[in-house]
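Today I am opening my notebook on a model with several chains.

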4 protein chains.
Amino acid sequence: MQDVVIRTLEKVQLREPILVEGLPGVGNVGKLAADYLREKLGAKPLATIHSKFFPPQVYVSEAGIVRLVSNDLAYWRAPAGAAHDVLVLGGDYQGISPEGQYELTERVLDYCAQLGVRQVFTLAGFAQGRVVEEPKVLGAATTPALVETMKKLGVVFSRNDPGGGLIGASGLFLGLGRLFGMEGVCLMGETSGYFVDPHSAGAVLKVLGKALKVEIDLTALEEKAKEVDRIAQRIHDAEQRGGEAGPGSSGTSREDLGYIG
Amino acid sequence: MQDVVIRTLEKVQLREPILVEGLPGVGNVGKLAADYLREKLGAKPLATIHSKFFPPQVYVSEAGIVRLVSNDLAYWRAPAGAAHDVLVLGGDYQGISPEGQYELTERVLDYCAQLGVRQVFTLAGFAQGRVVEEPKVLGAATTPALVETMKKLGVVFSRNDPGGGLIGASGLFLGLGRLFGMEGVCLMGETSGYFVDPHSAGAVLKVLGKALKVEIDLTALEEKAKEVDRIAQRIHDAEQRGGEAGPGSSGTSREDLGYIG
Amino acid sequence: MQDVVIRTLEKVQLREPILVEGLPGVGNVGKLAADYLREKLGAKPLATIHSKFFPPQVYVSEAGIVRLVSNDLAYWRAPAGAAHDVLVLGGDYQGISPEGQYELTERVLDYCAQLGVRQVFTLAGFAQGRVVEEPKVLGAATTPALVETMKKLGVVFSRNDPGGGLIGASGLFLGLGRLFGMEGVCLMGETSGYFVDPHSAGAVLKVLGKALKVEIDLTALEEKAKEVDRIAQRIHDAEQRGGEAGPGSSGTSREDLGYIG
Amino acid sequence: MQDVVIRTLEKVQLREPILVEGLPGVGNVGKLAADYLREKLGAKPLATIHSKFFPPQVYVSEAGIVRLVSNDLAYWRAPAGAAHDVLVLGGDYQGISPEGQYELTERVLDYCAQLGVRQVFTLAGFAQGRVVEEPKVLGAATTPALVETMKKLGVVFSRNDPGGGLIGASGLFLGLGRLFGMEGVCLMGETSGYFVDPHSAGAVLKVLGKALKVEIDLTALEEKAKEVDRIAQRIHDAEQRGGEAGPGSSGTSREDLGYIG
């Protein structure tokens with residue numbers, strides 16, 4: 001079989017579309033953000049990507065229907081007058097080998113180049129190894145001009161982070177994108193690295209919305225973030241009380257623990 | 001060499017054949033079922049599949065004859081009047097790398113598509129991590145209609161199982177099969193996951209027989225299942241007695257232990 | 001680059017040559033036997049095989065000259081009247097991945113088929129996990145007729161060994177050889193599996209010499225075997241005495257230990 | 001995508017250029033030496049090499065600009081009258097799989113052959129596992145004549161080192177280079193193997209400068225070496241004092257430890 005199989009579901013003409021990539025990774029920040037964007041925009045399915053560089057796996061829906069793991073492109077037509085339509089790339093996995101990462105990224109970029117893509121935003125999490133109350137959005141870009149533009153939108157370009165560079169799709173879409181004449185920005189939401197982090201995804205989307213000049217209603221994502229916070233807090237409290245091990249402290253923890261159970 | 005080499009042993013015309021896949025996996029349920037089906041049907045060799053995605057290994061028969069590891073297709077002509085002939089895919093190994101899994105599955109599906117296959121049954125075990133007295137057969141399928149059909153044959157479509165999806169040939173033959181316009185069902189016999197499980201293979205074949213409208217005499221398989229049960233019971237008893245370590249208990253265990261020894 | 005690069009050093013016409021393969025493996029038996037055969041026959045270099053399936057490595061000679069790791073074919077013209085010339089395949093490594101094993105074996109077989117090879121002997125060690133005083137030579141073959149022929153030369157075809165089949169080049173040259181219409185025999189010298197074993201290589205060559213109707217002077221190999229035996233014995237003795245740890249026992253061990261030191 | 005992508009930045013005609021390779025490895029000796037040579041010569045960018053055999057990674061500069069990991073060729077035009085221009089190959093990584101090592105080396109050699117390269121110097125470290133005060137430069141070469149030439153420049157050709165051969169790019173560029181009709185020398189600076197070692201890189205460059213008849217000012221490299229020595233010494237001293245754990249000894253270590261902190 002072909003190493004990467006891209007099936008086009010609908011033939012479309014798009015206006016200088018911008019590609020937004022968000023695949024599974026640190027805190028699942030990139031995937032959460034891309035999936036949420038796709039849903040809120042009401043983006044439509046454009047193409048499905050299968051590859052031998054993904055695991056040999058199908059998912060089974062609650063109704064018992066199998067679906068081969070994939071990446072997926074969706075498109076959104078911006079309102080009349082806007083300069084750029086948007087393509088969103090999401091999916092179940094990044095390529096599971098280094099070579100697979102290169103092959104997948106290159107094939108998707110080639111496909112997008114034919115659709116007229118000249119600019120790429122990649123979304124990711126940046127693991128801080130500690131709880132992050134107010135996640136900043138760190139950036140990396142392909143040109144000094146883009147760095148300046150993103151700084152004005154509140155993106156932090158740190159001298160030291162990310163020190164070891166970016167590994168995986170979010171970096172590769174920029175690095176290989178340059179070979180296709182595309183410019184791009186990676187937006188990295190700070191996150192602990194221990195939990196799935198919708199809060200960090202929200203911070204990333206706030207910046208992205210400004211950059212794309214698109215209104216994104218973040219209410220549902222913030223609800224999800226609060227829910228994750230509540231669960232994390234409860235686990236934390238329970239562990240604290242477990243450590244104290246006194247009779248009085250256990251009196252107040254029953255409901256909370258029951259909630260988690 | 002070609003990545004996958006399929007040697008046709010006999011040129012045949014088949015009536016809308018249904019492919020049944022059963023390769024080594026959890027509890028060896030799929031392989032046991034497919035090999036038993038092949039034998040009971042008296043299916044004839046159709047093609048041998050060699051591949052660099054298998055281990056570089058030959059088996060040696062008791063007579064000293066070497067045989068390169070392979071997968072194998074056999075065919076069975078259904079009686080006149082029946083709508084579908086049957087192809088059985090069995091073998092020594094699944095592909096040993098993710099890429100190998102994809103390549104092998106795609107090549108076999110392509111070969112089968114040329115023989116007119118439009119429907120696939122994949123057979124597998126589902127590890128429950130505990131002893132299963134009466135194994136249910138769990139299912140996953142490519143269409144809602146197939147889900148309904150299989151439910152009527154007693155297949156269980158659980159909301160939560162298999163939660164992480166299916167990994168390996170049994171899932172991939174359905175997932176990639178869809179790209180060939182094939183529909184399909186995966187039948188998963190519950191099993192402990194600790195032993196080879198002919199009992200679970202029997203449960204799977206009961207359902208498959210109904211689906212294919214083929215009578216399969218399961219006597220020999222049930223004999224084999226009882227034999228495995230007896231050995232497992234004896235090991236269990238011996239371990240129990242070993243734990244008690246009393247003079248009285250050892251009196252009744254001698255013959256049993258001798259049997260195993 | 002090509003996956004496997006075979007450079008022909010001399011163009012030759014050979015009389016129905018027989019291929020003898022011996023590469024590194026258990027006890028290095030196969031490689032020791034093939035290298036010794038090549039030297040004793042005075043076989044001449046025919047072709048050098050480089051491949052990306054070998055490690056990315058060069059060896060450096062005592063004179064400081066680098067040599068890329070390789071496999072090598074040598075040829076020997078049998079005396080007038082003999083039916084078969086001989087090709088010997090030796091080298092530094094087997095392919096280091098399963099796919100590499102298949103690719104290398106297939107390419108070398110293809111090359112040999114063009115030289116007229118119809119019969120293959122593969123040489124290997126069979127690890128018994130215990131010291132073997134008088135190594136038997138176990139066999140596996142591609143046809144019942146060859147099994148019978150080899151039995152007459154003293155080769156043992158055991159019902160149970162090798163139980164798990166043969167893994168690596170010695171099995172693959174037979175298994176893939178069948179796809180080239182070649183028949184073949186694997187000769188496995190029993191060995192402990194703990195040491196390089198020239199004694200076992202000698203046992204294999206005794207059988208091979210009879211099969212090829214070639215006189216092979218084994219004196220030098222037996223000398224080497226005795227030397228290995230002496231070293232192994234001395235290590236064994238030293239360990240024994242170390243365990244006793246008495247003043248008297250140490251008195252007799254000094255020279256021996258000094259010899260090793 | 002192509003396995004290896006070489007982008008030419010400038011079309012040049014060179015006079016029988018000599019290739020100097022130095023990529024990351026033991027003590028980073030080869031890379032330090034090649035990067036220093038490139039800088040001191042003022043060599044100009046010639047070509048950028050990307051490959052799926054590198055990690056899927058971008059680096060981010062202090063200004064926030066991403067750069068895909070790569071290898072790079074630079075050229076230096078020797079003064080009028082000199083026989084050979086020089087090509088320097090450096091970069092972020094060697095190929096990360098054995099197959100990748102072969103593919104990358106072969107492609108770069110092919111590219112260099114077209115530029116007229118007939119001679120190769122590869123630079124590397126040789127790990128001694130102990131502190132090396134005055135690093136010798138060990139050698140390996142493709143011809144006896146080159147061995148003699150290099151001996152006169154002080155290179156040591158040891159009967160036993162490197163015993164296991166050379167693994168990686170520095171060996172492969174010589175081994176595969178022979179297949180392109182190139183001759184070559186590997187210069188290995190002795191190093192502990194525990195630290196990045198500019199001192200060893202300096203020793204290698206001293207020899208290389210003589211071989212290329214090029215003046216290389218090593219002042220900056222020696223400064224760097226002294227700095228590494230000072231840090232290593234301080235860590236060593238601190239550990240020594242930590243072992244003594246007396247109140248008096250801690251009195252003298254404060255400043256030193258503060259320097260490191």
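I start with a term: two strands pair if DSSP finds at least two bridges between them. Helices (H or I, at least four residues) and strands (E, at least two) are DSSP runs, numbered from the N terminus. I also note that this is a predicted model, where local features need pLDDT of at least 70, side-chain atom pairs count only at pLDDT 80 or more, and totals for chains, interfaces and linings use all residues. Residues are numbered from 1 along each chain as its sequence is written, while chains are lettered from A and ligands numbered from 1 in the order in which they are written.

**Entry 1: chains A and B**

I looked up β4(A) and found 2 bridges joining it to strand β10 (residues 166-167) of chain B, with the two strands antiparallel. I then picked out A:Q57, whose bridge partner in β10(B) is B:I167.

For contacts, I count two residues whose C-beta atoms, placed from the backbone, lie within 7 Å. Here 15 residues of chain A and 25 residues of chain B take part. On the side of chain A that touches chain B, β4 (57-60) and β5 (66-68) are the elements giving two or more residues. β4(A) gives the most, with 4 residues. I sorted this side of chain A by class and got 11 nonpolar, 2 polar and 2 charged residues. In this sorting, Ala, Val, Leu, Ile, Met, Phe, Trp, Tyr, Cys and Pro count as nonpolar, Asp, Glu, Lys and Arg as charged, and the others, Gly among them, as polar.

**Entry 2: chains C and D**

I turned to strand β4 (residues 57-60) of chain C, which 2 bridges join to β10(D), running antiparallel. C:Q57 stands opposite D:I167 there. The contact takes 15 residues from chain C and 25 residues from chain D. Among the elements that each supply at least two residues of chain D's side are α2 (98-114) and α4 (169-179). By class, that side has 13 nonpolar, 7 polar and 5 charged residues.

I found no contact between chain A and chain C, whose closest C-alpha atoms lie 16 Å apart. Chains B and D have no contact either, and their closest C-alpha atoms lie 16 Å apart.

**Entry 3: a helix in chain C**

The buried residues include C:L32, C:Y36 and C:L41. After α1(C) comes C:G42, with a positive phi near 70°.

Terms used:
A residue is buried if 20 or more other C-beta atoms lie within 10 Å of its own, exposed if 12 or fewer, and partly exposed in between; C-beta atoms are placed from the backbone.
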